[in-house]
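Subject: Structure handover

Dear colleague,

Here is the structure I said I would pass on. My notes come after it.

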Amino acid sequence: MAASRGRAAAVERQLITVTFAGYNRDWADWIGKQLERRGHEVVYHRWDVPSESTIEEELGNLLLAGGQVVLILSGWFFQLGPRKPDEWSRALREFVAPNVDRFAAVSVDSASLPSAATVLRPAELWGMGADEAERRLLKRLQQPVVEIADRRDWFDMRFPEDEPDVWGGVPRRNVRFTGREDVLAGIYSEFQQAPRGAAVCTLFGMSGVGKTQIAAEYIYRFQAAYDVVWWVPADQRGTLRQRLAELASALGIDTGPAYGERIRAVRDALRRGHPYSRWLLVLDSADEPDLIADLLPSGTGHVLITSQNREWTEYNTARIEIPVYARQESVAFIRRRAPRLDEASANRLAGALEDLPLLLDQTAGWLNDSTMSVEEYVELLESGSDVEVGLRVAADFPMTFQTAWSILLNRLRETVPESVDLLRLCVFFAPGTIPVGLLRDASLQDWPEKLKDLMNNPLRWNAAVKKLVQYSVVQTESHGTTGYESSVGTELLHMHRMVHQTVRDGMAEMDRKEFSRVVQGVLASADPGGPDLPDNWPRYAEIAPHLKAANVLESRDPAIQRLVLRCLQYMYYSGEYQAGLTLSERALEAWKVSLGETHQNVYDVLLSRGNLLRETGKYREAASIERAAYEQLRADRGSRDLDTLAAASGLAASLGYLAEYEEALELRQTVFDGRRDLLGALDPRTLNAQHNLGVSLQFLGRYEEALDTYRSTRDGRREALGARNYLTAYTETHYAKLLRLLGRYQEALSIQEGSVQGLRGGLGQDRKYTLRAEYNLAMCHYRLGDRHKGREALAETLERAERVLGEGHDVTMMMAAVYACVEREDGTLDRAREISESVMRAYTSVLGSDHPYTVGAKSNHGLLLRAAGEREQSQHLLEEALMDMTVAVGPDHPWTLGTALNVTASRSLAGDSEAAAELSADTARRSAAALSDTHPLTLSCRVALAADLRDLHKNQEAEETERQALAALADTLGRDHVHTLSARARTRPFWDFEPHFP
């Protein structure tokens, strides 16, 4: 800092009035803070001379308070009222000059000031750093230029010339913004008074009332209070997700490419306030709260929403209703927009247009360029003689808008006809942001000549855009974000919903078809292909919001239909499930009528919809539509058709989630046999079917068969795809898990270490497949006896899964179920209980109470209750789990055998040694038959049996059973393995249920 160091010199406490135009509120706050921290009393006064008062009277009122008056001068300050230059010159000469000792002034922008303002000797604060501006301010006020020693309490106010560290998507400032001071103050007050984590404020009101402009003005006035300002168009969930995902890199958060992961990382960072605690997120045009409320962040910052939907009040947000302008605001705005109009004319026009800001902006803009008087315009407006025939307006728009818009449209057609063509082209994109880059990248071959001329002639294009901007029909934006940018630059147009709907409704049917066909072609030509590749997701996120507006589902063009199918795939791969379900529903409804229910596109949509439903946990609904598609395809094309087999594969996946394991296996065998016959054994689709066959065998507890199937698939993928391909590594993960489930822990660890490296290199560490491999690696360490390493690795992988996939994802739930058991073994019973109860609730809610996962989670919870000393409740839960698991998967499934092992301990603890021994002996026999004589579960059953025999005083039989089991454990796991040591110490064995990953 330029000022000297040390403690501030003692200064006399003064009263200082800081007077500012609302536009310069940020400067007023900063200047006031500099004065307050030096001990002065500061009074803030917003300057806006009422029409019935004079400048001299208002300046005189400022002096009544006593003390010094600081005037923050800018071009805006002298425009308020509005007041003419000669009024200001007179006031400065005749009133300020005689009282100049009471006034001080600073200049905060480069606007030319009235020549008479030199009497104020304003200090220029703009265009320099904070330290120099502070020095100049203090010098002008004749204050000691000494730095305050302790500045810790003053870091909440940024110098107005310094932008927030993170700034994205914010519209340009509207230099004609007028009034709304009470609203802006209300927003500020709501945020300051809100409890931490609940600072959400919704601006709502009718179209055209200025909600978006108010939100933008709030940002510019109060940006000094924030380190992060991020603007998000929220009319489409997909766009909202894209912009939130882009915020991750802007915040410096290191994540993988998946949208879900990046969004969760952003929300977590905002919640924790790290790396920035002072943030503002604006959700503009968020008219469907039920679709996006789950994405709202909480934490240390603020969320500002603009919406027409009053339902936001049900989502714990403060509500501020935005009315039309007050009449004095309307008059002031009109006179600034159209300087040729006097106050009476402005008042007449405001009344005719019902004080609606959007109408005032558009009408005053073109009236200022016109020779038409306000009286003539109002007469034309009232008579409706210039209304375009057939023009309609939505029910929620003011009726005045219909006539006023029609007049403006006719003027545009007369002056710059190209602007009307551009306008009509834009309305076949969604309202809001129009991606001009897509237009310029498109092939013009099939375009109408008038549109070709518009696109090929930069002069015509610029003239059309300029005229639309001039009359506030559209706005231009510079979309400078850290995210994806169009290859042709960052120019964007923004169209208000009122304009969009009115123009579209007023078009003839022939024109609608022509313009929609053009935009459909634009979207299709922008299709990057590869919807499964994260690098292409930003482009699809740019395209997808406009599909509905472009009427793509009406097109018979194969390229357009292919785009729809690829967008569905993008929504599936990127985690945009709800948007995908909505699009698939609309596509099915349209294409079944236009293409027929047996068209290939309809089947493709059905299969995509099944995938989307499955990812959202709607397994029964997914299975229902997949079964219908499969049966129809089989009837029409036969069981050996590739599309029939694809439908069968999707149905098998859903049935697997529903624990219909036998039918899933049958279908997967059919798919594998069919693809092998049609495509060959090494086709990727055949290998995928073979892998899935192994999954079904694994779920049925047929571990040796599953192991052989995975081994064969791995070898085939190595030959067809290469040893380093991620699909090869993915099968190796399943192969390693089966080795672990069979008790071959060291082999499993060796293979899993290699496949983890392959998946990390091929996909990145935070993809679903990689997380499964990391989990299995942690479990390999844990089962080998390295409990600490396994526990730490599992905790870290679970944390990443929660962040990347979400807490409700099936992979996350699988990890959580096992981690609860690990925490129980570590003695952290409260934490284990919290996780265990959460897992049980989730599985019951999604899968039902009789699903094997729910039953297995119940068995695990029974062990937890036993560890907590709740033996009676534990035995009841374990006995119930055994019955339910037997019904769910049969008596010889490893899950049932493990559950039975736990019940033997409960019966033993309850003193029922006979029942315990009977169940132990039966379980040991079944386990040996289902797994092997030397499988760890079989040996655990024999250790338990020995204990039960000992309780029955059958000591000789008990000793022999124990000796054989201990010898086998030493041979199988090693003499120093934790299970061997535990058995040798005669600690009762148990079994933890572990869900399988598909």
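The notes below cover a sheet and its helices, a helix pair, one phenylalanine and some backbone details.

Please keep in mind that this is a predicted model.

Five strands form an open sheet in the order 2-1-3-4-5, and their pairing is parallel. Strand 2 (41–46) and strand 5 (123–124) are the edge strands, each pairing on one side only. Within the sheet, strand 1 (residues 15–20) runs parallel to strand 3 (residues 68–73), and 4 bridges join them. Ile 16 is placed opposite Gln 68 of strand 3. Helix 1 (residues 25–36) packs on this sheet, where it touches strand 1, strand 2, strand 3 and strand 4 (103–107). The direction of helix 1 makes about 165° with that of strand 2. Helix 2 (residues 55–63) also lies across strand 1, strand 2, strand 3 and strand 4, and runs at about 135° to strand 3.

On the helix 41 side, the contact includes Leu 939, Val 943 and Leu 949; on the helix 42 side, it includes Ala 958, Ala 965 and Leu 969. Arg 942 and Arg 950 of helix 41 also take part, as do Glu 957, Glu 959 and Glu 962 of helix 42. The contact residues divide into 9 nonpolar, 3 polar and 5 charged.

Phe 191. This residue sits in helix 6 (residues 181–193). Phe 191 has a relative accessible area of 3% and is therefore buried, the cut-off being under 20%. Beyond its neighbours within four places in sequence, Phe 191 contacts Ala 199, Val 200, Cys 201, Tyr 218, Tyr 226, Leu 280, His 302, Val 303 and Leu 304.

Backbone details. The peptide bond between His 274 and Pro 275 is cis, with omega about 15°. Pro 275 lies in the loop between helix 9 (259–272) and strand 9 (279–284). Ser 285, in the loop between strand 9 and helix 10 (289–292), has a positive phi near 60° without being a glycine. Ser 285 is partly exposed at 28% relative accessible area. Asn 551 is likewise not a glycine and has a positive phi of about 55°. Asn 551 belongs to the loop between helix 22 (537–543) and helix 23 (558–574) and, with a relative accessible area of 18%, is buried.

Regards

How values were computed
Residues are numbered from 1 along each chain as its sequence is written. This is a predicted model: local features need pLDDT of at least 70, side-chain atom pairs count only at pLDDT 80 or more; totals for chains, interfaces and linings use all residues. Side-chain values use heavy atoms; hydrogens and water are left out. Two strands pair if DSSP finds at least two bridges between them. Helices (H or I, at least four residues) and strands (E, at least two) are DSSP runs, numbered from the N terminus. Contact means heavy atoms within 4.5 Å. Axes are lines fitted to C-alpha atoms, for helices over the stretch in contact, and angles run from 0 to 180 degrees between N-to-C directions. Ala, Val, Leu, Ile, Met, Phe, Trp, Tyr, Cys and Pro count as nonpolar, Asp, Glu, Lys and Arg as charged, and the others, Gly among them, as polar. Buried means under 20% relative accessible area, exposed over 50%, partly exposed in between (1.4 Å probe, protein chains only).
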